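Hello,

Here is the structure I promised to pass on. My notes on it follow below.

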Amino acid sequence: MLLLKRHAEFIFEALRFAITGASTYLLYVVLFFCLSYFFGELTSLVIAYTTAAVTHFVASKYFTFSKHSLEGL
């Protein structure tokens, strides 16, 4: 239990990292699936990938890493 208390911030950061990655991947797959009905495969792939990449960047910057964990960089 002491180990959990000592590394709680790291554990929550890893959990946020996993949530960010999984939700971005889910967004990519759903967008690609939905857009492929309206557009061609390449167009829907580009739109879905770009949207997922921007979402992942923003989520990683503002949600995954806390300010405290980035101070040493």
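The protein has three helices and zero strands. Both are DSSP runs, numbered from the N terminus: helices are H or I with at least four residues, strands are E with at least two. Along the sequence the pattern reads α-α-α.

Two notes on the source. This is a predicted model, where local features need pLDDT of at least 70 and side-chain atom pairs count only at pLDDT 80 or more, while totals for chains, interfaces and linings use all residues. Residues are numbered from 1 along each chain as its sequence is written, and side-chain values use heavy atoms, with hydrogens and water left out.

Now the inside. Of the 73 residues, 12% are buried (under 20% relative accessible area; exposed is over 50%, partly exposed in between; 1.4 Å probe, protein chains only). In helix α3, residues 41-64, the buried ones are S44, A48, A52, S60 and T64. They pack against α2, residues 8-38. Among contacts (heavy atoms within 4.5 Å) with a separation of 6 or more, 62% join residues 24 or more positions apart.

Then the outside. The protein exposes about 6000 Å², and carbon and sulfur atoms supply 75% of that (Shrake-Rupley method, 1.4 Å probe; for residues, only the protein chains shown count as cover). F33, Y37, F38, F39 and I47 form a nonpolar surface patch, with about 610 Å² of accessible area together. α2 gives the most to this patch, with three residues. Y37 is in helix α2. Y37 counts as exposed because its relative accessibility is 63%.

Best wishes

Note on methods: Patch = residues over 30% accessible without salt bridge, like charges linked within 9 Å, V, L, I, M, F, W, Y side chains within 5 Å. Salt bridge = Lys/Arg side-chain N within 4 Å of Asp/Glu carboxyl O.
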